[in-house]
Amino acid sequence: MSFLQVLSSEWVKTKRTSIRLIVFAIPIAYPVCMLWYFSKYNDPLSWQMKIYSGFFEVLTVSLPVIVSLLTGLISHQEEKAGNFVGLLAAPVSRAQLYVSKLVLLILLAIMDIFLATSLMLLGMDYILHVDNVHCGLFLQGALLSVIGSLILFSMHLFISFAYGMGASIAIGGGGFLISAIIGATVVGDDIWSFIPWAWAVRLSKIPILLMPEAKLADGIQPSELFLQELVKGIMPSIICFVLVTIGGIMWFNRWEGNKSHE
């Protein structure tokens, strides 16, 4: 069985589950709510910066909870289907099964984040009538949000299978608080690059530096600061994602279907 067939079968498994409801509802409902909120505020001088900051900050701070819920639901679904027997007895390699679930989650995240961003851009243009919408910077923010959240998918997929849906959601709730404090406030200015839950929040903020409305200290070049912050966030995000994914695959190859707390 090819990897694409395995990936397709994983998608079919989500039929008539709350996973699809989450995947299809959030990227539509979220930009609608944000457009309604920002329709009440109109500051021509910094309106677009506030929209960008608010849109991506709420989105990325919420990612730990959303990711923990999705991975938990996938694990719970397999557990209900014969206590993981169907999963472990599948005629494909363990590594292929694990990676297919991870890839499916990441693809869904890419689709949702870019769909939500695109709808927000359309709303800014046709509903809020924002002048000179920086579409390219918003799409950069969407891409950086995905990159910063990769570690969350890898980490929570392992937690969901090893310890269960409850543990995944509990850690996701803690990650939500950490991302809100370390990622979205000045408290994390010096340590955010060491905190996985803050990576998506901080990376998504970087394109703001290239907005004409951005105000930086004298002597600081926006392009130089942009590259510095980019490297500071992308390097640990990619390296840790690869390491945790490899570790998860190695563990899954030896897993017998029981949770660590049982």
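This is a predicted model: local features need pLDDT of at least 70, side-chain atom pairs count only at pLDDT 80 or more; totals for chains, interfaces and linings use all residues.

Residues are numbered from 1 along each chain as its sequence is written, and side-chain values use heavy atoms, with hydrogens and water left out.

A search of the whole structure finds 2 cavities of 30 Å³ or more (a cavity is a set of points on a 1 Å grid over the protein atoms alone where a 1.4 Å probe fits but cannot get out, and lining residues have an atom within 4 Å of a point; points are joined across faces, edges and corners, and a volume is the space filled by probe spheres set on them).

The largest cavity holds about 180 Å³, and among its 17 lining residues Leu63, Ile66, Ala109, Asp112 and Ile113 are the closest to its centre. Helix 2 (18–38), helix 3 (47–80) and helix 5 (94–126) each give two or more residues to this lining (helices are DSSP runs of H or I, at least four residues, numbered from the N terminus), and helix 5 provides the largest share, 6 residues. By class, the lining comprises 16 nonpolar residues, no polar ones and 1 charged (Ala, Val, Leu, Ile, Met, Phe, Trp, Tyr, Cys and Pro count as nonpolar, Asp, Glu, Lys and Arg as charged, and the others, Gly among them, as polar).

The second largest cavity, of about 30 Å³, is lined by residues including Glu10, Lys13, Ile74 and Lys101. Its lining divides into 2 nonpolar, 2 polar and 4 charged residues, with the largest share, 3 residues, coming from helix 3.

Methods: On a 1 Å grid over the protein atoms alone, a cavity is a set of points where a 1.4 Å probe fits but cannot get out, and a pocket is an open set with protein on both sides within 12 Å along at least five of seven lines; lining residues have an atom within 4 Å of a point.
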